[in-house]
Amino acid sequence: MGWWEAVILGLVQGLTEFLPISSSAHIRVIGALLPHGTDPGAAFTAIIQIGTEAAVLVYFWKDIVRIVAAWFRALFGRDGSDWRARMGAHSSDARMGWFVILGSFPIVILGVLFKDAIETSLRNLYITAAVLALFAVVLWFADRIGSKRRQLDELTVKDAILLGFAQAMALIPGVSRSGGTITMGLLLGMTREAAARISFLLAIPAVLGSGFFELYTEWDTLGAAGSPGFVNTAIATVVAFGVGYAVIVWFLKLVSTHSYTPFVLYRIGASGAILGLLAAGAISAT
């Protein structure tokens, strides 16, 4: 992989991570179309996501600090010594802290249990094309029928668990982590902007955890022959951070006034494009 290819993949990661169109699917396909001509791999994809999540940390820094402070305050009995108070009964920010923790368990557990399949068989492009189209329809349905009335401070434990499992579906390239959580948020009656915001917050521990885990476990292989390499991985990560921050600002403004229909149509088009590339022999399914 050349440095300019790393820049392209960083751009793709930053542009697609927060949109409900699956960044991992785009990295998988575009990586295969670049001159080096191979799938960059699940480890590379997970590591460069650290860049986009760093953008989330910067953009939502005040919210994150407020939530973490409220969570610790409740946990140590500052809002009351009974267990309900410690679980955030008197603070929506403290509850949000617990909900993010609770909603992170599904993707962590399933990610560990199915690590081998995630890095091999589930990256088959026929599967990617199929789930891109399938979950496009689900997103369209959720956006159409959702009441769009609930805000973040109205979330419940049940909502957090459902959002967590929806996020875990993104372990399959093509589903989209943000797409999964946004779709579930809409089905739960959340506003479009609230669904997008919980998607960002819920991703922080899951994506950062996955990225640093892959960085630790795959450190020796990153510099091996045929791998993206340390420098290229770092370049893609930095580019993903800068582009990702700009996308967050744009995306939250967009969904406050527009539907998710353009992303639905894009997903269906991307699915067809992948199938066309596979049929033409331009890329390999595995």
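## Leu75, at the end of α4

Leu75 sits in helix α4 (residues 61-75); helices here are DSSP runs of H or I with at least four residues, numbered from the N terminus. This is a predicted model, with pLDDT of at least 70 needed for local features and 80 or more for side-chain atom pairs, while totals for chains, interfaces and linings use all residues. Numbering starts from 1 along each chain as its sequence is written, and side-chain values use heavy atoms, leaving out hydrogens and water.

Setting aside neighbours within four places in sequence, Leu75 is in contact with Arg86 and Trp98, where contact means heavy atoms within 4.5 Å. Ile109 is another matter: 34 residues separate it from Leu75 in sequence, and the C-alpha atoms are 24 Å apart.

## Two positions on α6

Ile107 lies in helix α6, and so does Gly111, with the helix covering residues 92-113. Both are covered up: Ile107 is buried at a relative accessible area of 14%, and Gly111 is buried at 17%.

Which residue lies 4.2 Å from Ile107, C-alpha to C-alpha, despite being 61 residues apart in sequence? That's Ala168. Beyond its neighbours within four places, Ile107 is in contact with Gln167, Ala168, Leu171 and Ala206. Gly111 also has a C-alpha separation from Ala168 on record here, 7.8 Å across 57 residues of chain. Its contacts, not counting residues up to four places away, are Pro106, Ile118 and Leu171.

## Helix α2 and what covers it

Helix α2 (residues 23-33) is mostly covered, with 9 of its 11 residues buried. The buried set is Ser23, Ser24, Ala25, His26, Ile27, Arg28, Val29, Gly31 and Ala32. What do they pack against? The partners of these buried α2 residues are α1 (3-16), α3, α8 (125-145) and α14 (261-280).

Most residues other than glycine have a negative phi.

Look for Ser176 in the loop between α9 (157-168) and α10 (177-187). Its relative accessibility is 4%, so Ser176 counts as buried.

## α3 against α13

Two packed helices are described by the angle between their axes and the distance between the axes. For α3 (residues 42-59) and α13 (residues 230-255), the axes come within 7 Å and cross at roughly 40 degrees. Axes are lines fitted to C-alpha atoms over the stretch in contact, and angles run from 0 to 180 degrees between N-to-C directions. The pair is therefore oblique (under 35 degrees is roughly parallel, over 145 roughly antiparallel, 65 to 115 roughly perpendicular and the rest oblique). The crossing is right-handed, meaning the near helix is turned clockwise from the far one by less than a right angle, with anticlockwise giving left-handed.

On the α3 side, the contact residues include Phe44, Ile47, Ile48 and Ile50, and on the α13 side they include Phe241, Tyr245, Ile248 and Leu252. The residues of this contact divide into 16 nonpolar, 6 polar and no charged. Here Ala, Val, Leu, Ile, Met, Phe, Trp, Tyr, Cys and Pro count as nonpolar, Asp, Glu, Lys and Arg as charged, and the others, Gly among them, as polar.

## α8 against α10

The axes of α8 and α10 come within 8 Å and cross at roughly 30 degrees. That makes α8 roughly parallel to α10, and their crossing is left-handed. From α8, the contact uses Val138, Leu139, Phe141, Ala142, Asp143 and Ile145, and from α10 it uses Ile182, Thr183, Leu186 and Leu187. By type, those residues split into 8 nonpolar, 1 polar and 1 charged.

## Transmembrane annotation

Where does UniProt put its "transmembrane region" features? The unreviewed entry has them at residues 41-61, 96-113, 125-142, 194-213, 233-252 and 264-285; such annotations may be inferred rather than shown by experiment. In the model, residues 96-113 are 100% helix and 0% strand, with end C-alpha atoms 27 Å apart. Residues 264-285 come out at 77% helix and 0% strand, with the end C-alpha atoms 23 Å apart.

Methods
Buried < 20%, exposed > 50% of the residue type's maximum accessible area, 1.4 Å probe, protein only.
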